[in-house]
Amino acid sequence: MKTLTPRAITAMKGVEKIAALTAYDYRTARIMDAAGIPLILVGDSVGTTLLGYANTLSVTLADMIRHAAAVVRGVQRALVAVDMPFMTYQASIAQALRNGGLVIQRTGCQALKIEGGEFRAPTIAALVQNGIPVLAHIGLTPQSIQVLGTRVQGRSDAAARQLIADARAVEAAGAFAVVVETVPAALGAEVTAAVKIPVIGIGAGPGCDGQILVINDILGLSGDFRPKFVKPYADLGAQITAAVSAYQADVQNATYPGPEHSYE
Ligand code: KIV
């Protein structure tokens, strides 16, 4: 099976909607890839979904490399992009190139995702010019949670204009696609029309070229946390609770293991 390249993802704009998801482990990535998901992101949301951190700021390069390598091992066709964690690329272009190169070399992923719009364009351009494809991320950028909070972005005219300028800047810098997070649906559609690269929305309405969601959120594995834009497709949290309780009851009642689970 042919691996999807960044160019192939860019070419999907206007042809088919892109359904992207996050993954953090080998088995889930295999399932997603076999299901035909074209773009898998090893998000730094691994910090909140799997590692129990309060936000993404505590995620390290080592965390990302471990989880990304596992995902890459499970994928044959999808493009795997990996989030660069907080403060591993912001300090300087040299830092971004050094750490970005490390992630590519140690994981075998095809692309990196970094947060920031117009002001981040020089870093994106440097990565791309040095052979590292970039998925940009603008709008509500979780690594800026201490500044932005979790509010919907782009509500004022100035902020909306800036978001469009951000999308154009990351496109000009060479990003092959851009994630736009938590903006009004009309603005999501406007940004999508303003650039030639795919706009992958998360809480950015139906007018985007594609959507990305956190896998734990759509599977019902995020507890009570559910932003408005998440549509739950399963309730695995409830199913796991039922399975674990049934197992505990079986062990306590000595109905497990039975003869069929025991060796002669
Ligand atoms: O880390 C993450 O999960 C993200 C989202 C865009 C899905 O960045």
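This is a predicted model: local features need pLDDT of at least 70, side-chain atom pairs count only at pLDDT 80 or more; totals for chains, interfaces and linings use all residues.
I started with Asp217, which sits in helix α10, residues 215-218.

Is its side chain buried or exposed? I found Asp217 buried, and yet without a salt bridge. I looked for the nearest side chain of opposite charge and got Arg226, at 7.8 Å.

What does the side chain of Asp217 make a polar contact with, then? I noted the side chain of Ser222, at 2.5 Å. Ser222 also turned up when I listed what Asp217 touches, leaving out residues up to four places away in sequence: the others there are Phe225, Val230 and Pro232.

Then I moved to the ligand. Which residues surround it? I wrote down Thr22, Leu41, Gly43, Asp44, Ser45, Asp83, Lys113, His137, Val179, Ile202 and Val214.

For Ser45, I read 2.5 Å between a side-chain N or O atom and an oxygen of the ligand. For Lys113, the distance from a side-chain N or O atom to a ligand oxygen came out at 2.9 Å. For Asp44, a polar side-chain atom is 3.1 Å from an oxygen atom of the ligand.

Last, I zoomed out to the whole chain. I have domain 1 down as 6-233 and domain 2 as 236-264. How far apart are their C-alpha centres? I noted 39 Å between domain 1 and domain 2.

Key
Residues are numbered from 1 along each chain as its sequence is written. Side-chain values use heavy atoms; hydrogens and water are left out. Domain bounds come from an automatic or database domain assignment. Helices (H or I, at least four residues) and strands (E, at least two) are DSSP runs, numbered from the N terminus. Buried means under 20% relative accessible area, exposed over 50%, partly exposed in between (1.4 Å probe, protein chains only). Lys and Arg count as positive and Asp and Glu as negative; His and the chain ends are not counted. A salt bridge is a side-chain nitrogen of Lys or Arg within 4 Å of a carboxyl oxygen of Asp or Glu. A polar contact is a pair of N or O atoms within 3.5 Å; within protein, one must be able to donate a hydrogen and the other to accept it, and residues adjacent in sequence count only if both atoms are side-chain atoms. Contact means heavy atoms within 4.5 Å. A residue is near a molecule or strand if one of its heavy atoms lies within 4 Å of it.
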